[in-house]
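Please take a moment to look over the sequence and the 3D structure before reading on. The paragraphs below then go through the parts step by step.

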Amino acid sequence: MAKRIDVTGLTAYYGTHKAIDDISMHVEPKSVTAFIGPSGCGKSTFLRTLNRMHEVTPGGRVEGRVMLDNEDLYGPGVDPVQVRRTVGMVFQRPNPFPTMSIYENVIAGPRLNGSYKKSELDDIVERNLRGANLWNEVKDRLHKPGAGLSGGQQQRLCIARATAVEPEVLLMDEPCSALDPISTLAIEDLIAQLKSRFTIVIVTHNMQQAARVSERTAFFNLEAVGRPGKLIEIDDTDRIFSNPSEQATEDYISGRFG
Amino acid sequence: MSEIVKDKRGRAPAPTPTSGAAGAGPDGGGPAGTGPVPAGPSTLRRPRLPRWAPAGVALGSVAVGVLVGLLGGLESRVQWGLIAALVFVVATFVLTSAVEGRRQAVDRLAASLVWSSFVVAVLPLASLIWETVARGIPGVSWYFLTHSMNGVLSWQEGGGIYHAILGTLQQVLLASVIAIPIGLLTAVYLVEYGRGRLAKAITFFVDVMTGIPSIVAGLFVLSLWIMMLGFGYSGFAGALALAILMMPIVVRSTEEMLKLVPNELREAALALGVPKWRVILKVVLPTAIGGITTGVMLALARIAGETAPIILLVFGSNVINANPFEGAQSSLPLFVYEQWALGTQAAYDRAWAAALVLIVLIMILNLVARGIARWKAPKSGR
């Protein structure tokens with residue numbers, strides 16, 4: 001469980017527009033890496049290249065290498081579906097499937113992939129809902145619609161749904177930006193627990209959050225609107241927030257951006 | 001900024017309601033501040049028409065319409081109605097601009113136009129249903145539903161529409177079996193896979209097909225299936241033409257519904273490592289099933305009432321033919337047309353009764369489909 005990611009010279013396009021340019025970094029296993037940076041700097045795009053969700057967007061295209069341990073995600077013959085089972089994702093807005101109950105939402109991954117035994121389902125649901133700190137709140141209404149939960153509960157349901165596929169890496173694209181502070185705290189606690197099992201990469205606009213949850217932080221920036229986003233630096237979170245090596249990072253963190 | 005805050009504090013919520021003057025609207029409260037706000041003449045109150053004014057004006061204009069109609073000796077009730085509607089719109093505008101001012105007058109003018117249009121749209125519908133029910137009910141009986149017209153002469157009472165119901169059901173079912181899968185898959189292609197010129201071309205031709213007159217679809221199948229390929233008249237030939245008419249409606253409505261499914265759901269499923277075809281089958285289609293069902297029902301209702309291709313391809317028959325693939329059949333709209341053409345009172349009665357049965361049949365199909373859609377639709381309750 002939990003793999004290391006090595007990215008080399010990654011460039012991503014939307015059609016002819018270059019969204020991120022020549023990014024190289026590595027992500028440590030069983031740790032939390034946070035991506036920060038201004039809107040439009042390509043954090044989310046970069047995140048989506050890590051489980052081949054970028055190419056789902058019409059015109060999405062990637063150059064470069066993403067090594068998951070020893071396998072290149074963009075190598076020949078690699079099945080994107082298999083990649084996404086290994087690298088799970090949680091989105092900005094909670095998006096439980098509206099036609100399914102809480103129970104069905106959690107088992108959606110295994111069930112839709114056809115890889116499960118009937119006898120295991122109850123166990124999968126309980127284990128992952130407990131893992132997402134949601135079990136006690138929903139155990140009496142597992143067969144009610146998932147859309148009836150509050151926003152924070154829905155997001156934790158989505159995390160349970162993502163972990164139920166048993167991925168090695170969990171990508172989170174601003175998972176708390178649609179949530180109130182209490183739900184945010186719940187998710188942050190959850191992230192702290194999950195990193196013992198998964199490699200976690202989280203995109204956030206909230207610098208305090210990056211400082212609270214992550215071991216390492218990457219700062220992205222773009223020179224101007226319409227120019228591709230770039231990785232400015234990646235380092236231990238403590239260093240990024242106390243003594244960054246780049247002036248741009250210091251400016252952004254201290255609010256002297258732009 | 002600080003000014004606004006101060007202002008809000010100055011006007012702290014007043015617990016006691018002001019004693020509103022008679023006729024003041026719910027928004028006609030005066031300054032009720034407990035602070036230093038001086039009591040003065042209200043700047044918020046405006047003269048208002050009483051609540052019952054629109055209803056009163058409507059009643060009055062109907063009266064005027066009737067009066068003008070009677071005095072002017074106008075034969076047509078439609079003219080009475082139009083006069084009443086015109087008077088209603090004009091009177092509302094004039095009255096409101098006199099009492100409430102120009103802005104409210106324009107508002108009420110728009111409202112009165114909406115109401116008049118609503119009545120104009122609903123009246124023919126209600127009247128149609130009333131006519132059909134009133135004239136059709138006497139003819140409907142168990143015997144009528146379970147017997148054919150075999151051996152019944154045009155002027156004779158009795159006979160039945162079993163053969164026509166059977167024909168309609170079989171033809172519509174066959175047409176649905178052909179058109180719904182093709183239509184659904186086409187829509188899925190257009191929304192989930194189609195890119196570029198091919199998809200645009202298909203959308204365009206589907207739009208063109210929506211406008212194909214049913215007789216043209218009938219002629220097409222006649223020339224292809226019966227004349228070129230040499231098959232005989234049959235319910236299936238009719239079903240082919242009905243399928244051609246049904247397909248574009250299914251495609252268009254399904255396409256619109258699939259576009260409404262949020263992209264986030266597709267991405268959520270893809271990110272779980274679900275193959276695309278299963279995402280479409282298990283997430284996208286179930287989410288849109290309610291709207292898709294409605295679209296399919298509209299298409300079904302449309303083809304169930306088609307007569308022209310049935311005349312050309314199914315030919316019509318007075319006897320029960322339970323095999324849609326061999327020999328002439330009948331259908332409800334064709335039966336109505338035939339009976340009307342016979343011109344006897346007994347035949348007229350049968351035509352009305354058959355029309356009623358057709359409407360009820362489509363209504364039942366609709367209700368069943370809506371039930372299924374509701375049962376399967378996305379749930380949001382707690």
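Among the contacts in chain B between residues at least 6 apart in sequence, 68% join residues at least 24 apart. This comes from a predicted model, and every value that follows should be read with that in mind. Chain B has 14 helices and 0 strands, and, read from the N terminus on, its elements run α-α-α-α-α-α-α-α-α-α-α-α-α-α. Of the 382 residues in chain B, 32% are buried.

What does the database record say about these helices? In an unreviewed entry, UniProt places the feature "transmembrane region" at several stretches of chain B, including residues 52-74, 111-130 and 203-227. In the model, the span of residues 111-130 of chain B is 100% helix and 0% strand, and its end C-alpha atoms lie 28 Å apart. For residues 203-227 of chain B, the span is 88% helix and 0% strand, with end C-alpha atoms that lie 30 Å apart.

One helix of chain B can be followed in detail, namely helix H2, which covers residues 53-72. At 1.5 Å a residue, the 20 residues of this helix should span 28 Å, and because its end C-alpha atoms are 28 Å apart, expectation and model agree. Which residues of H2(B) are buried? They are Val57(B), Ala58(B), Ser61(B) and Gly65(B), and since they cover an arc of only 100° around the axis, they lie on the same side of H2(B). These buried residues pack against helix H3 (77-99) of chain B, whereas the face turned away from the buried side carries the exposed residues Ala55(B), Ala63(B), Leu70(B) and Leu71(B). After H2(B) comes Gly73(B), whose phi is positive, near 65°.

If residues up to four places away in sequence are not counted, Met246(B) touches Ala175(B), Ala179(B), Ala299(B) and Ile303(B).

Helix H8 of chain A has 14 residues (residues 181-194), which at 1.5 Å a residue should span 20 Å, and its end C-alpha atoms are 20 Å apart, which agrees. Its buried residues are Ala186(A), Ile187(A), Leu190(A), Ile191(A) and Leu194(A), and because they cover an arc of only 140° around the axis, they are placed on the same side of H8(A). The buried residues of H8(A) pack against several elements of chain A, among them strand E3 (32-36), strand E7 (169-173) and helix H9 (207-213). The face of H8(A) turned away from its buried side carries the exposed residues Pro181(A), Ile182(A) and Asp189(A).

Finally, how many residues does the contact take from chain A and from chain B? The contact takes 27 residues from chain A and 22 residues from chain B. On the side of chain A that touches chain B, the elements that give two or more residues are helix H2 (80-86), strand E6 (87-90), helix H4 (108-113) and helix H7 (151-163) of chain A. Sorted by class, this side of chain A has 14 nonpolar, 8 polar and 5 charged residues.

Methods
Residues are numbered from 1 along each chain as its sequence is written. Chains are lettered from A and ligands numbered from 1 in the order in which they are written. This is a predicted model: local features need pLDDT of at least 70, side-chain atom pairs count only at pLDDT 80 or more; totals for chains, interfaces and linings use all residues. UniProt positions are given in the numbering used here, feature names are shortened, and annotations may be inferred rather than shown by experiment. Helices (H or I, at least four residues) and strands (E, at least two) are DSSP runs, numbered from the N terminus. Two residues are in contact if their C-beta atoms, placed from the backbone, lie within 7 Å. Ala, Val, Leu, Ile, Met, Phe, Trp, Tyr, Cys and Pro count as nonpolar, Asp, Glu, Lys and Arg as charged, and the others, Gly among them, as polar. A residue is buried if 20 or more other C-beta atoms lie within 10 Å of its own, exposed if 12 or fewer, and partly exposed in between; C-beta atoms are placed from the backbone. The expected span of a helix is 1.5 Å times one less than its number of residues. The arc is that of the directions from the helix axis to the C-beta atoms.
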